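Hi,

Here is the structure I promised to pass on. Have a look at it first, and my notes on what turned up follow below.

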Amino acid sequence: MGQRLRILDVGMGQGTQALRLARAGHTVTGLESDPDMLKAAREALASEPAGIRERFRLIEGDGRETGVHFLPGSFDVVLCHGVLMYVEDPDALLAGLARMLAPGGLLSLVVRNADALAMRPGLAGDWSGALAAYESDRCTSRLGLPVRADRLDTLTATLAGIAAPLQAWYGVRVFTDNVPSDVGLPPAEELDRLLAAEDRAGRTDPYRRVAALLHLCGVRG
């Protein structure tokens with residue numbers, strides 16, 4: 001096994017991602033403010049072996065209040081995936097997350113891509129929606145909720161300003177954003193090709209720039 005990391009998952013939801021990391025041997029803290037999500041995470045954790053339960057901590061709390069729960073420099077990795085889109089002013093949240101990182105620690109963000117908001121309505125033939133999206137940073141999530149989107153250039157500047165400069169970034173859901181959530185997975189061989197195509201597009205210009213989501217990795221100096 002490689003290095004065992006101290007990981008904080010902010011807005012962990014039902015804990016799917018955090019549990020995978022705990023199973024891989026890492027020490028994981030999940031922070032979640034929604035009681036229903038926290039309950040689902042607790043139920044999922046209860047079915048895990050004792051060793052995994054021992055290195056997984058669940059905390060009810062808001063990502064904007066990490067300083068209340070943890071000391072600065074407490075984590076090697078901080079994950080904040082699919083959370084910034086629900087936060088009106090993300091700068092304070094991001095600064096707080098960066099303070100939680102030990103030197104050399106990784107801040108991993110997954111955000112809605114404001115520079116590609118016209119893609120979803122455009123590919124669906126909604127021309128009015130596509131035209132409106134060009135000048136907007138607002139859209140509707142797959143859950144039907146209004147969300148905010150971020151721009152790569154803006155987040156790059158923000159990460160530099162909080163001493164966790166951007167080291168790498170990727171596109172997520174380049175080709176599959178318009179696939180309905182209730183559509184089942186294709187056969188294994190086709191799924192492998194789909195994932196390979198998405199992975200390559202997510203690492204390659206110009207494709208990654210029109211992805212529905214962006215995955216940004218900043219490293220604490």
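Let me start with a contact between charged side chains: arginine 120 makes a salt bridge with aspartate 177, and their closest N and O atoms are 2.9 Å apart. (A salt bridge here is a side-chain nitrogen of Lys or Arg within 4 Å of a carboxyl oxygen of Asp or Glu.) Arginine 120 sits in helix α6 (residues 119–123) and aspartate 177 in the loop between β8 and α9 (188–203), so this pair ties together parts that are 57 residues apart in sequence. Aspartate 177 is buried, at 10% relative accessibility. For that word I use under 20% relative accessible area, with exposed meaning over 50% and partly exposed in between (1.4 Å probe, protein chains only). Helices (H or I, at least four residues) and strands (E, at least two) are DSSP runs, numbered from the N terminus.

Before I go on, two notes on the model. It is a predicted one, so local features need pLDDT of at least 70 and side-chain atom pairs count only at pLDDT 80 or more, while totals for chains, interfaces and linings use all residues. Residues are numbered from 1 along each chain as its sequence is written, and side-chain values use heavy atoms, with hydrogens and water left out.

Back to the charges. Side chains of opposite charge can pair when their charged atoms come close. The structure has 13 salt bridges. Another of these joins arginine 148 and aspartate 150, with 2.8 Å between the closest N and O atoms. Are these two partners buried or exposed? Arginine 148 is buried, with 6% relative accessible area, and aspartate 150 is buried as well, at 6%.

Arginine 209 and aspartate 205 also meet in a salt bridge, at 3.6 Å from N to O. Here arginine 209 is partly exposed at 44% relative accessibility, and aspartate 205 is partly exposed at 39%.

Now the strands. In β9 (residues 213–219), 5 of the 7 residues are buried, so the strand is largely enclosed by the rest of the structure. Which strands does β9 pair with? One is β5 (residues 101–112), antiparallel to β9 over 7 bridges, and another is β8 (residues 166–172), antiparallel to β9 over 6 bridges. (Two strands pair if DSSP finds at least two bridges between them.) If you want landmarks, leucine 107 has glycine 218 of β9 as its bridge partner, and tryptophan 169 has leucine 216 of β9.

β5 is mostly covered too, with 9 of its 12 residues buried. β5 also pairs with β4 (residues 75–81), this time in the parallel sense, over 6 bridges. There, valine 77 stands opposite leucine 106 of β5.

Cysteine 139 is buried, with a relative accessible area of 16%, and cysteine 217 is buried at 12%.

On the aromatic side, a search of the whole structure gives 1 aromatic pair. The rings of phenylalanine 70 and phenylalanine 75 have centres 5.1 Å apart and planes at 85 degrees, so the pair is edge-to-face. Rings of Phe, Tyr and Trp (its six-membered ring) pair if their centres lie within 6.5 Å; planes under 30 degrees apart count as stacked, over 60 as edge-to-face and the rest as tilted. Both phenylalanine 70 and phenylalanine 75 are buried.

Last, two spots to look at. Aspartate 192 is in helix α9 and is exposed, at 51% relative accessibility. Between aspartate 192 and valine 111 there are 81 residues of sequence separation and 25 Å in space, C-alpha to C-alpha. The other spot is leucine 145, in the loop between β6 (138–140) and β7 (146–148), which is partly exposed at 38% relative accessible area.

Cheers
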